[in-house]
Amino acid sequence: MNGIGLTEALVEGAAWRGSHLEDARIRSSLITGVDVSESNWEAGSLYGCEITRTDFSGATLTGMTIERCALTGSRFTGTRLADVRLKDVLFHGCRFDYATFQRVVAAGAVAFTDCTFTNGAWSSCRLLRIALRSCDLTGLELDSCRLDGTDLRGSRLQGLKTPLDNVRGVALSEDQLHDLTQLAVAALDLTVRNS
């Protein structure tokens, strides 16, 4: 589907599985319970949309802009986001297991709350001053990412795989210091022995 445009639409329970959407522009729409798994989205934008319980599993989103949107209870398992620009976006209760982010940029307020990122991989992302609150980051691999000013309070850091430079300048709570210590020990390849 090339150049599709939806404005102020209600899309409920649709099956777009495996679709190829090129330069799709969806504005001010409510999308609920839609299956867009294994689809391929190139360019285009989501603007002012509310997306709930939608399945993006195995989808590829390339060169898109997502702006002023709220995504709730949606599944992004194995999804690949490349060259995606996020601005004023809230992801709440979403699953990003095994998802990859490549060159994803936050250009405005972005928050992930109560999301799961287990065993995912982020590379060359600029996600400055975003919120990753109460998220599970177990097994998430970070490579050449900038997260300066990112709020990680309440998130599970145990098993996070990253060089320490990727978490420079993040905000943590005191109860996360143990996980940060474990991360530093692993990153610096230290051996800790009893005296």
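Me: Is Ser-28 buried, partly exposed or exposed, and at what relative accessibility?

Reply: This is a predicted model, and in it Ser-28 is found in the loop between β4 (25–27) and β5. The residue has a positive phi of about 45° although it is not a glycine. Since buried means under 20% and exposed over 50%, Ser-28 counts as partly exposed, at a relative accessibility of 35%.

Me: Which place does Glu-8 have, and is Glu-8 buried or exposed?

Reply: Glu-8 also shows a backbone feature to note, a positive phi of about 50° although it is not a glycine. Its place is in the loop between β1 (5–7) and β2. The cut-off for exposed is over 50%, and Glu-8 has 66% relative accessibility, so it counts as exposed.

Me: Which residues have the most contacts inside the largest nonpolar core?

Reply: The largest nonpolar core has 54 residues. The elements that give two or more residues to this core are β10 (65–72), β12 (85–92) and β15 (110–113). Those with the most contacts inside the core are Phe-91, Phe-96, Phe-101, Phe-112, Phe-117 and Trp-122.

Me: What does Trp-122 touch, not counting residues up to four places away in sequence?

Reply: Trp-122 is among the residues with the most contacts inside the largest nonpolar core. Leaving aside residues up to four places away in sequence, the residues that Trp-122 touches include Glu-141, Asp-143 and Cys-145.

Me: Is Thr-54 buried or exposed, and what is its relative accessible area?

Reply: The place of Thr-54 is in the loop between β8 (50–52) and β9 (60–62). Not counting residues up to four places away in sequence, Thr-54 touches Ile-31, Thr-32, Gly-33, Val-34, Val-36, Gly-73, Ser-74 and Arg-75. Because buried means under 20%, Thr-54 is buried, with a relative accessible area of 2%.

Me: What separates the C-alpha atoms of Val-105 and Cys-69?

Reply: The place of Val-105 is in strand β14 (residues 105–106), where it is partly exposed with a relative accessible area of 33%. Not counting residues up to four places away in sequence, Val-105 touches Val-84, Arg-85, Leu-86, Arg-126 and Leu-127. Val-105 and Cys-69 are 36 residues apart along the chain, and their C-alpha atoms are separated by 15 Å.

Me: How many residues apart in sequence are the parts that Arg-17 and Glu-38 tie together?

Reply: The structure holds eight salt bridges, and in one of them Arg-17 pairs with Glu-38, the closest N and O atoms being 3.9 Å apart. Arg-17 lies in the loop between β2 (10–12) and β3 (20–22), and Glu-38 in the loop between β5 (30–32) and β6 (40–42), so the parts tied together by the pair are 21 residues apart in sequence.

Me: What is the N to O distance in the salt bridge of Arg-103 and Asp-83?

Reply: Arg-103 is partly exposed, with a relative accessible area of 40%, and Asp-83 is partly exposed as well, at 37%. Their side chains meet in a salt bridge. This pair links distant parts of the chain, with Arg-103 in the loop between β13 (100–102) and β14 and Asp-83 in the loop between β11 (80–82) and β12, 20 residues apart. The N to O distance is 2.7 Å.

Me: Which residues make the nonpolar surface patch of about 370 Å²?

Reply: One member, Leu-164, has its place in the loop between β18 (141–143) and α1 (177–187). At 30% relative accessibility, Leu-164 counts as partly exposed. The patch is made by Leu-164, Leu-188, Leu-190 and Val-192.

Conventions
Residues numbered from 1 in each chain as written. Predicted model: local features only at pLDDT ≥ 70, side-chain atom pairs only at ≥ 80, totals over all residues. Heavy atoms only, no water. Core = buried A, V, L, I, M, F, W, Y, C linked by side-chain atoms within 4.5 Å. Buried < 20%, exposed > 50% of the residue type's maximum accessible area, 1.4 Å probe, protein only. Helix = DSSP H or I, 4+ residues; strand = E, 2+ residues; numbered from the N terminus. Contact = heavy atoms within 4.5 Å. Patch = residues over 30% accessible without salt bridge, like charges linked within 9 Å, V, L, I, M, F, W, Y side chains within 5 Å. Areas by Shrake-Rupley, 256 points an atom, 1.4 Å probe, with all protein chains shown as cover. Salt bridge = Lys/Arg side-chain N within 4 Å of Asp/Glu carboxyl O.
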